[in-house]
Amino acid sequence: MIEPRWQQHWEAQETFRAFNPGDPPAAEHPFAVRHGDVAPESIEKYYILDMFPYPSGAGLHVGHPEGYTATDITARYLRMQGRHVLHPMGWDAFGLPAEQYAIKTGQHPRKTTEENIANFTRQIKGLGFSYDWSREVNTTDPNYFRWSQWIFLQLYHSWANPASGKAESIDTLEFPADVTTDEARRDFRDDHRLAFVSHAPVNWCPELGTVLANEEVINGKSEVGGHPVVRRPMRQWMLRITAFAQRLLDDLETIDWSDSLKEMQRNWIGRSEGAEVEFRIQDSEDRICVFTTRPDTLWGATYLVLSPEHEWVDELTTDDQRTAVADYRAAAARKSDLERTELAKEKTGVFTGAFAINPANDEPVPIWIADYVLASYGTGAIMAVPAHDARDLEFAQKFELPVRVVVQAPEGESLESLGFVGDGTSVESGFISGLSTAEAKAKIIEWLEGKGQGKRTINFKLRDWLFSRQRYWGEPFPIVWRDGHHEAVAESDLPVLPPELDDYKPTTEGDPPLARAADWVDLPDGATRETNTMPQWAGSCWYYLRYLDTQNNERHVGEAAEKYWMNVDLYVGGTEHAVLHLLYARFWHKVMFDLGHVSMAEPFQRLVNQGIILGEDGQKMSKSRGNVVNPDGVIDEYGADAFRLYEMFMGPLEMMKPWNTKGVEGVYRFLGRVWRLFIDEGSYKDYEQAVTAAPDQAEALLAGLKLHAAINDAEPTPEQLKVLHACIKKVTDDLDGMRYNTGISALMVFVNEASKWESRPREVLGIFLRLLNPFSPHLAEELADRLGEVSGNTLAYQPWPEWDEAFLVEESIEFPVQVNGKLRGHIDITPETSREEIEQLALACEKVQQFIFEKEVKKVILVPNKLVNIAVK
RNA sequence: GCGCGAGUGGCGGAAUUGGUAGACGCGCUGGAUUUAGGUUCCAGUCUCGCAAGGGGUGGAGGUUCGAGUCCUCUCUCGCGCACCA
């Protein structure tokens, strides 16, 4: 009852609107009431962001509001602290489910999306979050995705200059001397763009009818739906994220993210230092290049292994081996990624018949092919050192290849040097024998470089980002094809809208559904449109920028707004995007930064992961388990305030924790106690009876409630001030540290105390309501309204209370006394009691006496404000 | 296998820098109001013990006057990556 009323009040008042530079609030807006007639941009800003949801048909689940409540509490808290808070919400609305539904029903995905957004909006608004709804964004809105397409064009029109390490206009790319024809120049540019076309093997998911990025494939299955993924060569758009690998790695140091998340990104980027070593092929001038992190083991390299897809395999294979090699390659090509990883427990491979010369000792070593060597990493070829690599050893033992120990394990660590993979001392290794692994690496690289047969290299696991999808419900590429070449659509022609279709189905052969719209594909001048669409990540890569300036029709975001609001001070969301959205967005942001479109190198300064909420049974919530909690039901029964409070009271935000409906009852009871602290019980009972009789009169009857008779204008007692200020201090500290659960418990402690008071000073209760407001804003606003005039007609901009340590000082303290670290008694002291007195009192304490009796007191340790400990023997 | 994180009552979880272990809430037990239950209020609730006292933060050691917190080893669970040379 009171909740919708306050939600309407906030909406009508635009209470939570944030103001861009040059767009000051009206004088009666509570922001102006608080801050006066000053430019909004002169107030210190705080940009607090939630990961915007995909508006699915299932509606909100209890995991969404967990993060949203946390950010809302912090947003409301900082607003009261005087910060100019930007807290927006929007919809990541392109994506598979709406499209799958469209395929089934023939209904346009736009329609489903609209319905789902309406439902999500209703649910989210019902929770009373302090979003600035005037900044709502929707990635499927043409006014939004025209800028997604525009950013794609920025990538298309740039290259990564290795000299500067930055993205630059493609115009700054210089042509080599031998690139002279227009055709060659065009190809050369196209080969360097940050958005480029590739024909390499990609992750094709037949079930979904689209290709997927590496990040979207988990153990050979699609992240969405868990369908098998196979590798097959297709023409696809890629984004050159690899050129930014080092910066994406380095700049992690500059941002305040959890260690585990940073570590996940580091692992995904996968930097490894080593060397490329060239092996001359026997009876040939050709050299084959391998990557190794252990060049110091070169003397132990007894064979080479190429990946089956390596381009030289055909050339190297001898006639004797040709059939075996061809069979093996064919078998490898047939295998899905899943088979190649999970099912390949046993090493397989075949000999090519060819030999290479080990540059260290000039001995011939056989060249094999095997699928445990990946074409996509390093050079697609390795030198096998079976003595010091587990995989090579397994392979060598199976195929009876020679094993040579060249590293001695350090004393005491492992007696066995065979199979030792750590750092030790080189042995049987010519001029590097006797050196430590680190020294040996340096020396052998220097020697190889001198010979021109190797060099120091750094490799990354990160692959370029496969950016096109063969689906309908995504942003069309702003690209046309003419005479087999791609061209950018003019910026003035954006947005490129998708065509209307009758059939949204993907095809089995990977022709995008957009190809069916002949009218749309074929342009009057003979060019044809690109028919792939962008992945869902395109919209989420930059939405945090659009919030800053949603109405701007000239730019993706206005310069002044971007400079004032960026970067995001706090970003809260689940961990599932660790190497997807969060990596992609950082990449786009860096490109935009290099090109001068944004002012900071990193978008998200601080990032906090919320833990998942498990079902009541301690299992992950899922439809099939039937343990899904629907927020609507909880809100209907207990209200939004109780729901918010419970989500935060369950435990620390980052932690995984199970739902417990009894716990909701607990916080609901707490809110009831707060209510009874303020409201006269008799008048409430009358109200309840009257409402039962005349439910339609509820609104009017509510006004008849009386304040509790104990509320008065008396001076607070020192005891009351102590309770209040202890609460202010604890809640403030906890909100600063995002420890919402313990903050709530401090509020409960206050209410438990205050309920006992026979006199309840208005002043004390008013301050308590400000502390309560971020957590349970509806109830706090309602009670504050009843308690007295609130400036600006909302608590939202009331100054946050400050505590005074003077009120917290205890007059008499029960000071703990320990003997040998065990608690034995207490002594009564005051803050003025001197050290000597405390020690004397402690030693004289009766309970203590019986433990130190007839023993030698060795030492008395006094920890001020904590305890005193007597060490005896 | 590698990396990261976590193990505290019947349960969710408290315990800034080592300093009174179990805040707050749930559940449970008893009582009061009402008595139809519920609501609300009061008291109790780590464990052994009548008590004095002993034991106790996954396990085993260690440092310290003092360890949930620091160190070493170990077990279990969760998450991430996984033939990355």
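Helices are DSSP runs of H or I with at least four residues, numbered from the N terminus. The views below show a predicted model.

View 1. Glu-66 belongs to helix 3, which covers residues 63–80. With a relative accessible area of 1%, Glu-66 is buried, because buried means under 20%. Leaving aside residues up to four places away in sequence, Glu-66 touches Gln-610, Gly-611, Ile-613, Glu-647, Met-648, Leu-653 and Lys-657.

**View 2. The ring pair of Phe-431 and Trp-447.** The model holds 52 aromatic pairs. In the pair of Phe-431 and Trp-447, the ring centres are 5.3 Å apart and the planes meet at 55 degrees, so the pair counts as tilted. This pair links distant parts of the chain, 16 residues apart: Phe-431 is in the loop between strand 21 (425–426) and helix 14 (437–451), and Trp-447 is in helix 14. Phe-431 is partly exposed, at 35% relative accessibility. Trp-447 is partly exposed too, with a relative accessible area of 27%.

**View 3. A cluster of aromatic rings.** Ring pairs join Phe-152, Tyr-156, Trp-237, Phe-244, Trp-465, Phe-467, Phe-477, Trp-481, Trp-537, Tyr-584, Phe-587 and Trp-588 into a cluster. Tyr-156, one of the cluster members, also has Arg-193 over its face, at 4.2 Å from the ring centre.

**View 4. Arg-586 over Trp-257.** Here Arg-586 lies over the face of Trp-257. The distance from the ring centre is 5.8 Å, and a charge sits over a ring only within 6 Å of that centre.

Terms used: Residues numbered from 1 in each chain as written. Chains lettered and ligands numbered in written order. Predicted model: local features only at pLDDT ≥ 70, side-chain atom pairs only at ≥ 80, totals over all residues. Heavy atoms only, no water. Phe/Tyr/Trp six-rings, centres within 6.5 Å; stacked < 30°, edge-to-face > 60°. Helix = DSSP H or I, 4+ residues; strand = E, 2+ residues; numbered from the N terminus. Buried < 20%, exposed > 50% of the residue type's maximum accessible area, 1.4 Å probe, protein only. Lys NZ or Arg CZ within 6 Å of the ring centre and 35° of its normal. Contact = heavy atoms within 4.5 Å.
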